[in-house]
Structure formats: C-alpha cells, structure tokens
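Here is a short report on one protein model. Please keep the sequence and the 3D view open while reading.

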Amino acid sequence: VSAADFNISSNQTIDVADRTVERGGNTLEITSITQVEPDEQVTVSVDAPDGTDFTMYLYDENQTIVRGYEGTGSTDFDIPVADHGASKAGTYAFIVQSDGVNEAAHPLVVRGYSVSTDTPSSVTAGENISVEGEFTQLRGESFDQIDVVVAATETDKQVVKQAAVDGDTFSVSVPTDDLESGSYDVYAVVRGSSTVLG
C-alpha cells in the first residue's frame, strides 16, 4: 500500500468518490482529480517526506510517460498544460515514484466537454433519483457514454448508471434500494473509449 507520507494535489483539485487502483504492484488511493483547460497553467503539489527524492511522471491514456518532474521533499510544480504535450482532451495521470516504488497517483483531466446537471436536493429512500443534464463538446473526440455516479460522502458506497442521451441532453433514473440514508454526491461523467489508471 502506498505510503501515507506521499500525496499529490493541485490548485484545481476536485474531490471525487474514493477508489483504489493498482499500479506497479502497489495499491494507490484516488480521492480527487484535477480538471483543466488545454491553455491553462496548473500548480501541482507533491507532499513527500523531508529529504526524500522522487520523480513525478505524467502518463497518457496509452500508459506512456509524457514527462517527468524531479523533486525532493514537499515540492510545487507550475505546469503549463500545453507545454507537457498533454493538451489533447482526455484523462492523464500524475504518478509519484521514489526508489522505484509508486507512492501516489492523481488523475489530470483535460476537459473536452462542458456538462451541467439538474438533481434533486433530497429523495426518500426506496425512490429513484431522477437526474437530467446538458452537455456541449468543446474539443477532442466524440464521447463514448455518459455515466451518472451517486456516491456516499463518508463511505466508498456508490451506484453508477449509464445515462440515455438525446441530442445534447441526457437523463437517467438511479434506484436507491441499495443506498442507506445519508448524504451523497452526484457526478455526471462524460467518458471516452480510452482510460488511464482504469
């Protein structure tokens, strides 16, 4: 399991439902992502033990290293998105390695779509959650599907449903039968056919 002393974040971090991924024999925890436009600059912060050398690699959807950044201890990197060759819309990943061990991972999304949703603020247990939304393609390849994720804020419980798409709108009905009473976040995710870190 990756060391708790390592972490990756940015000045544009978005909290997401917690999940774990396997990389190089290590289990890495994903708790947030960074979403950027292709012409932006993003500040990526790596928390690392004092005096510890590391390399932060940027991987593309082909699991290819786009660029590497060297650091020692906790370090901030100011990264122009277009400069590192990852300005194409899609999902990338920062992975921190130290002594050949993958210690932390953080997805970077170069936005290809603008998305908005209309979701009820509350629903009675046992009823379905009706989610509707609109989306606009900004750049990049056509989408593969739109998923709506209902994720618990304090546990790893979540329900994922593929939305029905009609033109530039989408809708889905998410059952709550398997969800306990509590607070949940709702995400609408435009997905392409390729993935990085799953």
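## Threonine 75

Setting aside neighbours within four places in sequence, threonine 75 is in contact with Val44, Ser45, Val46 and Phe54; contact means heavy atoms within 4.5 Å. Threonine 75 sits in strand β7, residues 75-80. Strands (E, at least two residues) and helices (H or I, at least four) are DSSP runs, numbered from the N terminus.

Threonine 75 is buried, at 18% relative accessible area. Buried means under 20%, exposed over 50%, partly exposed in between (1.4 Å probe, protein chains only). A polar atom of its side chain lies 2.9 Å from the backbone oxygen of glycine 73.

## Basis of the model

The model is predicted: local features need pLDDT of at least 70, side-chain atom pairs count only at pLDDT 80 or more, and totals for chains, interfaces and linings use all residues. Residues are numbered from 1 along each chain as its sequence is written, and side-chain values use heavy atoms, leaving out hydrogens and water.

## A four-stranded sheet

An open sheet of 4 strands runs in the order β10-β11-β15-β14, with antiparallel pairing. β10 (113-118) and β14 (164-166) stand at the edges with a single partner strand each, so one side of each lacks a neighbour in the sheet.

β11 (residues 129-137) and β15 (residues 169-174) pair in the antiparallel sense over 6 bridges. Two strands pair if DSSP finds at least two bridges between them. Glutamate 134 has threonine 169 of β15 as its bridge partner.

## The whole chain

The protein chain has 0 helices and 16 strands. Of its 198 residues, 38% count as buried. Its C-alpha trace spans about 55 × 35 × 25 Å along the principal axes.

Technical notes:
A polar contact is a pair of N or O atoms within 3.5 Å; within protein, one must be able to donate a hydrogen and the other to accept it, and residues adjacent in sequence count only if both atoms are side-chain atoms.
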